[in-house]
Amino acid sequence: TLQRLGRAEEASAQCASLMRETILDRNVLSPLTMALAALGQDREALECWERAFETSRDQDLGREVFRLCARRFDFEKQRTCAMRLYKVTQQATYLCWFAASALAEARCASARRDGGGPPTAKTTPTGKDDSKTSKDDSSPTPP
């Protein structure tokens with residue numbers, strides 16, 4: 001709410017205060033994630049979910065970590081999360097998630113070599129690599 005009111009510095013301070021704690025409640029983590037995303041701090045939001053999952057080993061928290069990693073195209077963390085979920089639950093579904101993440105990474109790498117593909121975890125939300133400066137912004141942003 002503070003961020004939407006134009007008080008970004010105050011919102012950032014409140015989020016930082018909450019992030020110092022290990023929060024296990026989805027009813028707190030979800031709005032915190034939205035606030036951090038609005039402030040451009042997606043990585044910090046992921047770290048909050050990861051800490052919560054590490055502490056509680058709750059399957060739902062682990063699924064959320066996997067989902068956030070998928071949104072960031074962070075395949076390595078996806079696989080790590082899938083293995084942790086498998087170790088906690090012994091459900092073969094998470095082995096499939098592990099394999100699917102590896103396959104998606106290979107396909108994305110192939111697509112990037114061909115000049116397209118989704119952004120990597122190191123690119124900006126618009127799909128542009130932070131290390132490159134491009135004058136041509138007319139190309140469509142990958143999904």
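Start with the aromatic rings: the model holds 3 aromatic pairs, where rings of Phe, Tyr and Trp (its six-membered ring) pair if their centres lie within 6.5 Å, with planes under 30 degrees apart counted as stacked, over 60 as edge-to-face and the rest as tilted. This is a predicted model, in which local features need pLDDT of at least 70 and side-chain atom pairs count only at pLDDT 80 or more, while totals for chains, interfaces and linings use all residues. Residues are numbered from 1 along each chain as its sequence is written, and side-chain values use heavy atoms, with hydrogens and water left out.

**Stop 1: Phe66 and Trp97**

Select Phe66 and Trp97. Their rings form a tilted pair, 4.6 Å centre to centre with 40° between the planes. Phe66 lies in helix 4 (residues 59–71) and Trp97 in helix 6 (residues 93–113), so the pair ties together parts 31 residues apart in sequence. Helices here are DSSP runs (H or I, at least four residues), numbered from the N terminus. Phe66 is buried at a relative accessible area of 14%, whereas Trp97 is partly exposed at 24%. Buried means under 20% relative accessible area, exposed over 50%, and partly exposed in between (1.4 Å probe, protein chains only).

**Stop 2**

Tyr94 and Trp97 make an edge-to-face pair, 4.9 Å centre to centre and 90° between the planes. Both residues lie in helix 6, 3 residues apart, about one turn of the helix. Tyr94 is buried, at 1% relative accessibility. With Phe66 also selected, ring pairs link Phe66, Tyr94 and Trp97 into a cluster.

**Stop 3: along helix 6**

Which residues of helix 6 are buried? They are Tyr94, Ser101 and Cys108. These cover an arc of only 35° around the axis, so they sit on the same side of helix 6; the arc is that of the directions from the helix axis to the C-beta atoms. Cys96, Arg107 and Arg113 are exposed on the other side of helix 6. Helix 4 and helix 5 (75–89) are among what covers the buried residues of helix 6.

After helix 6, select Gly115, whose phi is positive, near 95°.

**Stop 4: Arg57 and Phe53**

Finally, select Arg57, which lies over the face of Phe53, 5.8 Å from the ring centre. A charge sits over a ring if NZ of Lys or CZ of Arg is within 6 Å of the ring centre and within 35 degrees of the ring normal.

Notes. Helix = DSSP H or I, 4+ residues; strand = E, 2+ residues; numbered from the N terminus. Contact = heavy atoms within 4.5 Å.
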